[in-house]
Amino acid sequence: MKVTSIFVAGALTLALTAPAMAARDYISIVGSSTVYPFATVVAEQFGKTSGSKTPKIESTGSGGGFKLFCSGVGVNFPDITNSSRAIKASEMKTCADNGVTEIVEVKIGYDGIVLANSKTVEALKLTRQDIFLALAKEVPDPANPEKLIANPYKTWKDVNSALADTKIEVLGPPPTSGTRDAFVELAMETGADTFPVIEGMKKTDKEGYKRVSQTVREDGAYIEAGENDNLIVQKLQANPTAVGIFGFSFLDQNADVLHGSIIEGEEPNFEGIAKGAYPVSRPLFFYVKKAHVDVIPGIKGYLAEFTSEKAWGEEGYLADKGMIPMPKEERQLFSKNVASLKVMDMK
Amino acid sequence: MNSIETTSDLLKPTTRLKRRYRVERWFKRLGLTAIALSLSFVAFLFFTIFSDGYTAFKQSYIELEVHFAAEEFSQEKLANADYPGLVKHAMRTMFPEVTSREGKKFLYSLISPAAAYTLQNMVEADPKMIGTTQKVWVLADDDVDMLMKGKIDRSLGEGNRRVRDIQLAWIDRLESENRLETRFNKTFFTTGDSREPELAGILGAVKGSFFTLLITLSLSFPIGVAAAVYLEEFAPENKWTDLIEININNLAAVPSIIFGLLGLAIFINFWGLPRSTPMVGGLVLTLMTLPTIIIAGRASLKSVPPSIREAALGVGASKMQTVTHHVLPLAMPGMLTGTIIGMAQALGETAPLLMIGMVAFIVDVPGGITDPSAVLPVQIYLWADSPERGFTEKTAAAIMILLTFLIAMNSLAVFLRKKFEIKW
Amino acid sequence: MYSYLLPCILLFSTGAYYWGASRANSIAEASGGMRSLHSLPSHYGMLTALSSALPALLLFIIWQMVEDTIVTSLVAKSLPAELLQLSANELTLVLNEVKNVAFGGFGAHNTAPAIQTAADLYLSTRSWMRNLLGMGTIFCCLVPAVIAYRSINKDLRARNLVEGTVKIFLIACSTVAILTTLGIVLSVVFEALIFFQSVNFSDFLLGLQWSPQTAMRVDQAGSSGAFGAVPVFVGTLLIALIAMAVAIPIGLLAAIYLSEYASSRMRTWAKPMLEILAGIPTVVYGFFAALTVAPLIRDFGQSLGLQVSSESALAAGLVMGIMIIPFVSSLSDDVIHAVPQSMRDGSLALGATRFETIMLVIIPAALPGIVGSILLAVSRAIGETMIVVMAAGLSANLTFNPLEAVTTVTVQIVTLLVGDQEFDSPKTLAAFALGLLLFVFTLFLNFIALRVVRRYREQYE
């Protein structure tokens with residue numbers, strides 16, 4: 001009987017604390033876990049200074065974000081989705097099919113992708129060709145450059161005699177990750193182009209070219225770690241011979257224990273990535289539903305906060321968090337687009 | 001056994017008897033070792049968490065002399081005043097020798113961005129402050145905090161740490177002037193999530209977890225017990241009952257994220273309940289913990305000896321009276337155990353909440369079951385994935401809070417279990 | 001008044017209980033004692049209480065679910081014509097604004113007059129409807145209770161009625177499990193079917209390579225995307241086996257010691273301490289496995305000259321085993337504890353040592369419960385994600401070597417679902433197919449387990 005009365009009391013408290021389903025008076029944002037750390041800073045700043053409710057930001061991954069975002073116009077659907085890649089044609093079609101016809105695209109900045117290892121050993125000095133040779137599934141046969149063979153390289157020294165004689169062990173994101181996608185395209189594909197045999201395939205066998213230049217080896221040298229970058233950082237400390245691939249902001253925060261590998265003479269630092277000299281970085285975006293802008297309170301304020309110089313400018317607080325700002329002209333262009341809510345061309 | 005022994009032989013320990021006793025002793029020791037081993041795991045995990053997290057309960061503060069210049073508040077709204085500017089001005093007056101642009105940037109970065117909010121709240125609470133100069137303790141930046149707690153090594157070269165040499169000198173000066181000190185971190189217990197480690201608090205997640213678990217417990221315990229009782233005591237032995245039984249066992253093995261998909265499809269898309277709220281979270285976790293409670297409940301009902309039922313039925317009790325008056329009270333300890341384990345699982349679960357939008361950045365502390373909120377494991381997961389070093393200790397501290405929550409819940413159940421337990 | 005409805009209902013039904021019970025008592029007195037009644041007075045009380053609470057609660061719950069829809073649709077009808085032209089989804093946005101204004105959240109200063117009117121209408125409609133509901137609920141509370149009260153006489157079969165109602169409730173509760181299963185199957189099967197349109201079913205079921213490296217953008221040609229589920233399932237089995245090899249012996253020995261040897265004080269303390277293991281967040285275990293156990297195993301293995309990868313199934317499995325110890329220990333302890341003392345006494349009186357008693361008498365008697373607890377532990381091991389992501393990685397190797405990196409079904413499902421690729425690609429849909437396959441697979445295992453338990457179950461007394 002006592003137990004029953006406890007439950008009755010519990011149910012009663014619940015019933016009393018449950019207000020009628022109120023309307024939504026906060027911005028709902030979904031999307032990429034890469035943009036999440038930046039969008040949240042803006043949201044917090046906006047919420048603390050404007051007096052509006054702080055936007056709710058879910059970390060769902062870019063794909064899941066678009067799935068929710070494109071489900072329709074209405075209060076049950078998110079207002080904004082963050083993405084670490086541009087929207088795809090198929091997603092635009094889903095959006096249009098569900099009545100989401102007016103979308104404003106905003107590019108917010110860049111995220112550098114770095115290779116890094118423990119400070120107890122020397123930093124790697126790599127070219128993109130080295131990266132390709134170390135990580136691709138198939139590479140040109142050193143004995144017969146016209147033939148492709150399964151990647152035979154076991155140590156960095158095998159790849160390039162100037163490198164250390166340690167086992168190739170790279171911790172990186174899984175194939176479902178946008179970080180991995182960008183890394184493959186920016187680092188490996190360019191590296192693959194340095195070989196005439198693969199470069200030649202570009203014209204004759206496009207499929208094959210992509211397959212060779214973008215497939216990562218699966219024999220244990222490349223270890224698919226989860227997307228928890230802090231864990232990769234700690235694993236690198238525990239295992240000095242391993243190299244990790246992750247976002248620049250984690251290198252920035254852990255500069256006392258890790259150093260970034262130098263790629264084609266460029267150190268992965270703030271200036272290098274912002275100038276575009278460091279070759280491996282990718283743009284970050286968010287997308288806004290125009291139909292929601294006037295109806296859900298605060299969207300305009302949030303957009304204005306995000307596109308203000310004190311947020312995404314060169315000296316802004318997003319840069320302090322490790323996001324690489326866009327050049328001035330690009331910033332001006334996008335903040336103008338946002339101010340006028342210029343919608344995307346939906347083919 | 002098959003040899004016939006004389007009486008005097010029986011009194012003498014035979015080799016066989018000795019061996020049997022030896023086995024007995026070894027078995028007992030083995031059991032004790034198993035417990036000691038498991039408890040040492042608990043102790044070890046507690047120790048790691050505690051040693052990482054106890055520093056989070058302290059926080060560094062810096063004292064500023066802020067001049068609330070009247071001309072700064074000429075705008076019609078107090079919220080529009082340039083509070084960060086006031087903080088910067090106060091820092092410049094304290095260190096007038098810093099003039100270079102870069103130097104100023106380093107200087108300003110000693111103070112948390114939260115300082116501006118502190119000033120804003122002060123002015124809004126008491127507008128008479130405008131035009132005066134006040135001594136204000138504001139939060140130090142997380143890097144300063146980490147340095148004060150010894151998590152940044154001063155002995156490393158300048159390039160290898162996040163605090164510059166010149167900042168070190170300023171910090172030492174502040175410390176010698178008693179303008180920098182660490183105090184009990186009240187913020188951690190009174191605010192919601194934040195992207196600044198020094199401002200991040202656990203209250204939002206604690207309340208979210210509380211609401212979520214309240215719903216889970218008040219639904220899954222009665223439903224679980226009722227289902228277990230029906231299946232074990234009333235259900236006819238047929239294919240249909242077998243089907244339900246296999247089904248429930250099977251549900252226990254369904255990965256928790258699938259329950260999230262189910263919740264998304266039914267509770268959010270079909271019923272139209274609001275996303276990211278404890279209501280939906282509680283419902284999903286109810287479905288997830290039900291199999292655990294039902295299986296444990298059935299196991300404990302099975303262990304009630306049939307003689308109890310026969311005795312009750314024999315004196316004329318109805319089937320329902322037998323169950324509610326005699327069988328259920330005896331099976332209660334086992335059911336409570338199942339509930340504890342199920343609740344512990346619900347308290348620590350992140351994956352299903354991902355699909356229903358509870359893995360989210362939510363600053364405002366929820367006030368009820370229909371406000372968006374995070375829960376403790378989600379907060380831990382999000383903090384563990386944040387780049388800022390200051391979040392490491394916050395993560396461990398949040399785990400400590402979660403464990404406190406868990407232990408409180410367990411002790412209640414242990415108390416109840418103790419009350420119900422009978423050995424016969 | 002609205003927020004007091006629920007307490008009111010409860011109060012009414014409590015009153016109805018005593019009212020009904022007292023009537024039964026007085027009838028009993030009038031007709032020659034309690035024995036003349038068909039049921040106990042408490043049954044009559046319960047019947048009155050149920051007939052007052054159930055209809056009212058039902059009305060209240062239904063209202064809770066439909067209130068918003070009804071009020072909103074009434075308000076929507078009164079909106080100006082140009083707003084009614086909007087599509088259904090856009091209309092929800094307008095109505096959201098109406099509600100925001102009605103609850104005074106914000107932005108009241110520049111509201112369009114039409115919206116303001118609608119907001120006022122919303123509030124007034126809601127308040128009169130709630131008043132109506134209040135009266136309806138009280139009606140539903142009182143009238144059936146009075147009818148039940150009046151029908152009480154010494155021949156009324158109150159016990160059967162009450163017990164019948166309770167039994168219906170019990171049956172309803174046990175069908176929740178069936179409904180859940182149905183829901184799960186429905187929520188994965190459609191996406192899984194779309195997946196099987198692009199990937200051959202037999203390739204998925206029997207394929208020996210798992211590598212979802214398909215293209216993420218249109219301008220990338222599809223590279224090798226192999227969706228063979230075998231390595232993923234082998235990895236799951238391997239890790240679950242290692243975990244069980246840790247959890248079953250430790251958990252079972254601990255359970256036996258606690259219930260058979262330990263003093264009752266130790267049992268009260270040690271058992272909840274062990275249960276904490278199940279409640280420590282899996283992130284903690286993940287870090288523990290990845291940063292403490294895995295390097296230990298690697299260094300130890302290398303000192304023996306073995307090839308050990310930094311991410312190993314062994315590390316993940318061992319730590320997972322620790323996590324599920326309480327599933328085995330606590331639940332088994334309860335069932336062992338519940339074995340009647342007379343069986344122990346009987347066995348000991350015949351001269352068996354305690355070890356022999358435990359092995360030959362107690363364990364067989366407690367077997368169904370122990371198997372249940374082990375099944376639960378296995379289930380938890382199969383469903384666990386975080387430890388494996390952090391310690392064993394995501395590479396799907398087809399191997400039974402515990403020193404290599406493997407991956408599990410749940411890990412793949414989670415990474416596929418939260419990835420950056422678009423949602424209709426085979427990559428994401430594969431998660432649904434994996435979920436479905438795992439579901440069928442565990443269903444099969446459980447079927448076998450049920451058969452085994454039936455066969456070996458021993459019922460004493």
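User: Which residues of H7(B) are buried, and on how many faces of the helix do they lie?
Analyst: In this predicted model, helix H7 of chain B covers residues 165-176, and seen down its axis the buried residues fall within an arc of 100°, so they line one face of the helix. On the other side of H7(B), Asp165(B), Ala169(B), Asp172(B) and Ser176(B) are exposed. The buried residues, which line one face, are Gln167(B), Trp170(B), Ile171(B) and Leu174(B).

User: What distance does H7(B) reach from its first C-alpha to its last, and what follows the helix?
Analyst: With twelve residues, H7(B) would be expected to span 16 Å at 1.5 Å a residue, and the 17 Å that it reaches from its first C-alpha to its last is close to that value. The helix is followed by a residue whose phi is positive, near 60°, namely Asn178(B).

User: Is Asp52(B) buried, partly exposed or exposed?
Analyst: Asp52(B) is found in helix H2 of chain B, which runs over residues 15-53, and, not counting residues up to four places away in sequence, Asp52(B) touches Thr392(B), Glu393(B) and Ala396(B). A residue counts as buried with 20 or more other C-beta atoms within 10 Å and as exposed with 12 or fewer. Because Asp52(B) has 19 such atoms within 10 Å, its class is partly exposed.

User: Which element gives the most to the side of chain C that touches chain B?
Analyst: The contact takes 83 residues from chain C and 88 residues from chain B. On the side of chain C, the residues divide into 54 nonpolar, 22 polar and seven charged. The elements giving two or more residues to this side include helix H8 (230-261), helix H11 (313-337) and helix H16 (426-456) of chain C, while the element that gives the most, with 18 residues, is H6(C).

User: How many residues of domain 1 of chain A are in contact with domain 2 of chain A?
Analyst: Chain A is divided into domain 1 (25-110 + 283-340) and domain 2 (112-281), and the C-alpha centres of these two domains lie 30 Å apart. The residues of domain 1 on the side that touches domain 2 divide into four nonpolar, six polar and two charged. Eleven residues of domain 2 take part in the contact, and the number from domain 1 is twelve.

User: What percentage of the residues in chain A is buried?
Analyst: Chain A holds 17 helices and 13 strands, and its C-alpha trace spans about 75 × 60 × 40 Å along its principal axes. Among the contacts in chain A with a separation of 6 or more, residues 24 or more positions apart account for 72%. Of the 347 residues in chain A, the buried ones make up 54%.

Technical notes
Residues numbered from 1 in each chain as written. Chains lettered and ligands numbered in written order. Predicted model: local features only at pLDDT ≥ 70, side-chain atom pairs only at ≥ 80, totals over all residues. Contact = placed C-beta atoms within 7 Å. Helix = DSSP H or I, 4+ residues; strand = E, 2+ residues; numbered from the N terminus. Nonpolar A, V, L, I, M, F, W, Y, C, P; charged D, E, K, R; others polar. Domains from an automatic or database assignment. Expected span 1.5 Å × (residues − 1). Arc of directions from axis to C-beta.
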